[in-house]
Amino acid sequence: MLRIEEIKTITVIGAGVMGSGIAQTFAQAGYAVRLHARREASLEAARERIARNQEAMVQAGLLSEGAARDALARIQSTTSQEEALDGCHFVSESVPEDLTLKRDVFAALDRLAPRDAVLSTDTSGLPISAIASATQRPERVVGFHWMNPPHLMPAVEVIRGDRTADAVVDLTCELARRISRVPIRVEKDVPGFLWNRLQLALIREALHVVEQGIATPEAVDQAITTGLGLRWAAVGPLRLMDLGGLTTFHSVASYLYRDLANAEEPQQALAAKVAAGETGVRAGRGFYDYPPGGTEAAIAARDSRLFELLKVSQRWVA
Ligand SMILES: NC(=O)c1ccc[n+]([C@@H]2O[C@H](COP(=O)([O-])OP(=O)(O)OC[C@H]3O[C@@H](n4cnc5c(N)ncnc54)[C@H](O)[C@@H]3O)[C@@H](O)[C@H]2O)c1
């Protein structure tokens, strides 16, 4: 098994939204990165995206201009899989979320990457074990699930597949720490891993509350951004119960659970919007309206808050 000090070259497969941010993050941490896409145009677009990401980080005071330049120089982009994988130590796959495609890619990674290289996938929810079984080395395949935007978000999920070796999970967690990411260990290859299980539980209740007329979308969002979300950045739900007293939470759970949403399909509040083409910022309407300029304003408002919060959270994870 590779030791952490032996990991020097990272290959990133897929140069879209996630792949480019992942390549940027490894390069900023000092690793030699090979970024692979099938077309030259995708690589060009990825370099532009990385440069834009870096510019925003420099403006926010999260990165120096020199460090940004040095990182860019560490990213070698190529349309050749063979060249991308030759002599690499760790692979981060970020091609579209399609099991057949990912299995094809992993079969190729298995043929071309050095025998001791670790192969990781950024799948949002496909079973790690189903991807790993396309290879002859399922013990070296692991979930390494980044949160979007990957160049900013401080945590990654490290997911154990049914056959992933303990040493591979440990090594991947250590690698995450070396690139200033907090590894969240997920010990079972379950649908949604951890983040999406927590997130969708909340989203199901949020939709229920809106559907029942209990609160408006604005009120639900404010309850999180100015209330629960802030508190959860300071203390997670389990320690929160310890701090508040388990008796209280036991008592609330005993009468409240039965009243909470338990829909097994996406609710009408969501399904009707999707059916009407009101799919969010790109369509100009979702739970909110986005007149011309509104989409950019909504994204800029989110990003400026995120930058402020990240400056604080970087101190916590350092
Ligand atoms: N976007 C998110 O919010 C997010 C968050 C976490 C994880 N993910 C996961 O990350 C993965 C990538 O998502 P994305 O949003 O970056 O998608 P994307 O469509 O932006 O990028 C995927 C890229 O892979 C390229 N590609 C397709 N087949 C390829 C192949 N055989 N070899 C090399 N490149 C290939 C595509 O041309 C495209 O550029 C998915 O599994 C997704 O579920 C996405």
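## Packing of helices α2 and α3

In this predicted model, the axes of helix α2 (residues 40–59) and helix α3 (residues 65–74) come within 10 Å and cross at roughly 160°, where axes are lines fitted to C-alpha atoms, for helices over the stretch in contact, and angles run from 0 to 180 degrees between N-to-C directions. Helix α2 is therefore roughly antiparallel to α3, a description used for angles over 145 degrees. The crossing in which α2 passes α3 is right-handed, that is, the near helix is turned clockwise from the far one by less than a right angle. Helices here are DSSP runs of H or I with at least four residues, strands are runs of E with at least two, and both are numbered from the N terminus.

On the α2 side the contact (heavy atoms within 4.5 Å) is made by Arg47, Ile50, Gln54 and Val58, and on the α3 side by Glu65, Ala68, Ala71 and Leu72. These residues divide into 5 nonpolar, 1 polar and 2 charged, with Ala, Val, Leu, Ile, Met, Phe, Trp, Tyr, Cys and Pro counted as nonpolar, Asp, Glu, Lys and Arg as charged, and the others, Gly among them, as polar.

The whole structure holds 18 salt bridges, each defined as a side-chain nitrogen of Lys or Arg within 4 Å of a carboxyl oxygen of Asp or Glu. One of them pairs Asp170 with Arg185, with the closest N and O atoms 2.9 Å apart. Because Asp170 belongs to helix α7 (residues 166–178) and Arg185 to strand β8 (residues 182–186), this pair ties together parts that are 15 residues apart in sequence.

Asp170 is partly exposed at 38% relative accessibility, and Arg185 is likewise partly exposed at 35%; the term covers values between buried (under 20% relative accessible area) and exposed (over 50%), computed with a 1.4 Å probe on protein chains only.

Glu278 is partly exposed, with a relative accessible area of 23%, as are Lys273 with 22% and Arg285 with 39%. Elsewhere, salt bridges that share partners join Arg160, Asp166, Asp170, Arg185 and Glu187 into one network.

## Basis of the values

Residues are numbered from 1 along each chain as its sequence is written, and side-chain values use heavy atoms, with hydrogens and water left out. Local features need pLDDT of at least 70 and side-chain atom pairs count only at pLDDT 80 or more, whereas totals for chains, interfaces and linings use all residues.

Key:
Parallel < 35°, antiparallel > 145°, perpendicular 65-115°, else oblique.
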